[in-house]
Amino acid sequence: MSELLIKNGYIFDPISGIKGDKADIAIKDGKIVDKVSSKAQVIDASGKTVMSGGVDIHTHVSGPKVNTGRMMRPEDKFFRGSYRGGIIKQGKRMEMGFSIPSTYKTGYAYARMGYTFTNEAAMPPLLAPHVHEEFRDTPILDQAAMPVFGNNWFCFEYIKNKELENNAAYVAWLLNATKGIGIKVVNPGGTEAWAWGENCTTINDPVPYFDITPAEIVKGLIETNEYLGLPHSVHIHGNNLGNPGNYKDTLDTLRLAESYKAKNKFGREQVLHNTHIQFHSYKGTSWADFESGAKEIMDYVNANKNITCDIGQVTLDETTTMTADGPFEYHLNQLNHIKWANVDVELETGSGVVPYIYDKNIKVCGIQWAIGLELALYAKDLMRVHITTDHPNAGPFTRYPCVIKWLMSEKARKETLDTMKWKDKVIAASNIASMDRELGLYEIAMMTRAGPAKALGLAAIYGSLVKGADGNVAIYNLDANDLPSDPELIEAAFQNTAYTIKEGVVVVKDGEIIAEPHKYTLWTKVNMPENAQVMHDIKEKFTKNYTVNLENYAVFDEHVHNPRAIELDVA
Amino acid sequence: MPKVIENVGCPYCGCSCDDVRITVSDDGKDILEVENVCAIGTEIFKHGCSKDRIRLPRMRQPDGSMKDISYEEAIDWTARHLLKAKKPLMYGFGSTNCEGQAAAARVMEIAGGMLDNCATICHGPSFLAIFDNGYPSCTLGEVKNRADVIVYWGSNPAHAHPRHMSRYSIFPRGFFTGKGQKKRTVIVIDPRFTDTANVADYHLQVKQGHDYELFNAFRMVIHGHGKDLPDEVAGIKKETILEVAEIMKNARFGTTFFGMGLTHTDGRNHNIDIAISLTRDLNKISKWTIMAMRGHYNIAGPGVVWSWTFGFPYCLDLTKQNHAHMNPGETSSVDMAMRDEVDMFINIGTDAAAHFPIPAVKQLKKHPWVTIDPSINMASEISDLHIPVCICGVDVGGIVYRMDNVPIQFRKVIEPPEGVMDDETLLNKIADRMEELKAKGEA
């Protein structure tokens, strides 16, 4: 019977609509409750900001391509390891790495920022046991992972033949086999094309051999997702990422969702989540006339309630890009000529890893930085627009506090802009310099916990301080009624919490890890009758094409760390 | 009734085959039959149920003999010596599961020591090249389903990876490769006429130690300078080079498998570096991938596990305890041994006494030496303490990483000899004991 009472903090909880009122939060046995007994441990949060634990909807922190990045970049440790900044070991294990931190550092660093849940953005199904091994070694954080479906041969065939029920049965089977949470789509069709050295750069480019288009794949997967009623929507990284002029392809992708409505019991309203939308909001015809398409994209998102997105903010760091978009990483490597790793995965997906330096003295990097911020500042409904850096693609997640600073302070934006060598060109190619909007703490709470939790269909558990939710709380050293005029202090407050509480246990105090309680692996368990046709197809593909036996493919129970299933029934 | 267990993983080579059929006796202690395995794999399973398995730790006595002791004593002895040592080294891991490798990382972080794996004498140079140049690779199923050109360079799977060619590369009929071997072109580049060369369409008998020059020649052709080649490069005629380069350029999907014939001849990491560069060049005109022929069934494992734990795949220096450091040459096992820097040695899941140079073994032998291994081997026989453990894939399961870094879930097929611990349990007990001793101030 553990009890905890957080007294007198300024509460920001968009799920229950509390906007900075002074109130108490009570936690009993790991859950938020109305009240606790007088024996409860008390934390005095007066003069501090209280939010639920942060929820990251899209981050690459666990699994094969993340680890390829760690393995092939020793320099990420040598030159950027935080030990050089003097971190004395706080948790049980050492913390290593900057843009692709070790699993232990990942857990500790998120907790220090007040985050308690992350959604791994891309799990190659064949390599799912690897993701779960890393979950075991990532302390504190509850985690989930989305298997990738956008280049899966089974899905290609079912969707092409308009066999929706079979596709749904296959998706349900694969979520169960990999202990995944939802449907991720990366460069639909394009990664399969990359297995032959080609790509699909528009939603109408046919996939070699399979005679299907990205548009058909995306629509088929949206229909499948809503047929099953999964907690999260289809989560899309569309075609033609990262290229000038791609905002048109992005609008094409978003329009694919137009006729669909969300059907689920989890309170989710969108049918499509467009991730790291900054990378998809580019105008111009080349890098020479490259400019922001943020206005066009956000006008569309604002007008269409069945879409959510996260921004994928460029943080102007040296980082490591990694994505299941194999052809994109190859093309990126053709630009910067640094080292390039690639892993094509049989029947399912692919991936690439390339180090990248977002140099504030390069014009394009400056414009990319401006686009991410513009997207957030143009947004009308911040429950549908979430803060990410597509970690580590646009920058490491440890820069979230810096992103928050830029969004909350025009002064901070101006200061960064002033350091850019091509400042005038960045201003000319974007509207960032003319935007005076400054977001408040309530809006930040929407973008970093309530919104992502709702979009993931997990708002009953995470991102909320309503009764019954997990007792995950972040307490920041920020007086909501007297915010500091120096934006650096805002960043510092979000970098290290006064307290982070995970299921009622204080895990961080004054920015230091003090406990490492248990954690969960979240996954979606779809209960539906076995589909004989699909099981036959699965057996056939494993016999003929896979190099791993079917019986060894699904992650064994003993390799799933502390599972917590989100269950749903499909008749 | 004997029981048949299917889909069993094989704890021998980097192929990590997972289609083995094992027939087990009624009482679950004996293996009666082994199917779908190469000759070497069969022997490992048979050894697993051998009556000669060591069941208790053995401690060297002053008279040189070995005496059985309890696991508890062995754990305490190892923990105390690890804490006492200034620079202990734990090395091996080709034949352990990932759970054991993760536990080993915990042990050496607490002890503040060095941690290294067999890559240090094997594919370490490949890691160095990957650090510089990346790794455009794929899973083995991509080769099976798509590849029409296969290159084996400095590797001889016919002997070292007996089922590699039949399961993954040359012979299987995959989705886009329905005609199997008939539609594949196989190129073997090796100074010897190996049994692998025997099944190749082209065998390029490169002059020993001159692989780098031959790579360079191929790159020249790909870059359009073929006519500038001399008449012969590295013992290969210009016409042959041009012909083979043409095949590479016209591949729909090509894969280069490379082995220790590149990593441990003149050039070492530079050979791999240029092999990767050639792969990158070829991707401008075709689709090419490259893969290291990792030796043991889970020698890819420690590189994977320690990368997520510390950020480095091998040659780890954890002596500072709050950050890791890696610098092969400085922190590599053989180099440290040769300089006599290591003051305690733990050999686990390999046989350093057989594989290291004799002068290195002699230096290591001056200090406490623990061997953690199921079998009697050269290392166990010169140890101060030999702790027997379960055999992964036979009497304990676990995750292992195949040569293409695909995790394969191994199964336990028989009960271990009574009382014998697995690597993970043993190592975690050593770590717990060290924490206990530290807390009591006995360290």
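Two strands count as paired if DSSP finds at least two bridges between them, and helices (H or I, at least four residues) and strands (E, at least two) are DSSP runs numbered from the N terminus. In this predicted model, local features need pLDDT of at least 70 and side-chain atom pairs count only at pLDDT 80 or more, whereas totals for chains, interfaces and linings use all residues. Residues are numbered from 1 along each chain as its sequence is written, and chains are lettered from A and ligands numbered from 1 in the order in which they are written.

An open sheet of four strands, with mixed pairing, runs in the order S15(A)-S17(A)-S16(A)-S8(B). Its edge strands, each pairing on one side only, are S15 (318-323) of chain A and S8 of chain B, and the twist from one strand to the next averages 20°. Helix H1(A) packs on this sheet, where it touches S15, S16 and S17 (352-357) of chain A as well as S8 of chain B, and its direction makes about 150° with that of S16(A); such angles run from 0 to 180 degrees between N-to-C directions, with axes as lines fitted to C-alpha atoms, for helices over the stretch in contact. S16(A) and strand S8 (residues 134-138) of chain B run parallel and are joined by five bridges, and within this pairing A:Asp344 stands opposite B:Cys138.

## The interface between chains A and B

Across the interface, 47 residues of chain A are in contact with 53 residues of chain B, two residues being in contact if their C-beta atoms, placed from the backbone, lie within 7 Å. On the chain A side, the elements that give two or more residues are helices H1 (64-72), H2 (75-78) and H4 (128-136), together with strand S16 (340-344). By class, this side of chain A has 22 nonpolar, 13 polar and twelve charged residues, where Ala, Val, Leu, Ile, Met, Phe, Trp, Tyr, Cys and Pro count as nonpolar, Asp, Glu, Lys and Arg as charged, and the others, Gly among them, as polar.

## Domains of chain B

Chain B is divided into domain 1 (1-46), domain 2 (54-121 + 297-438) and domain 3 (122-290), with bounds that come from an automatic or database domain assignment. The centres of domain 2 and domain 3 of chain B, taken over C-alpha atoms, are separated by 34 Å. Their contact takes ten residues from domain 2 and eight residues from domain 3, and the domain 2 side has eight nonpolar, one polar and one charged residues.

## The parallel sheet and its helices

In chain B, five strands form an open sheet with parallel pairing, in the order S11-S10-S9-S14-S15. The edge strands are S11 (202-204) and S15 (288-292), each of which pairs on one side only, and the twist averages 15° from one strand to the next. Helix H11(B) packs on the sheet by touching S9, S14 and S15 of chain B, and its direction makes about 160° with that of S15(B).

H11(B) (residues 269-282) also meets helix H8(B) (residues 211-222): their axes come within 9 Å and cross at roughly 15°. H8(B) and H11(B) are therefore roughly parallel to each other, a term that covers angles under 35 degrees. The residues of this contact of H8(B) with H11(B) divide into eight nonpolar, four polar and three charged.

Conventions: Angles under 35 degrees count as roughly parallel, over 145 as roughly antiparallel, 65 to 115 as roughly perpendicular and the rest as oblique.
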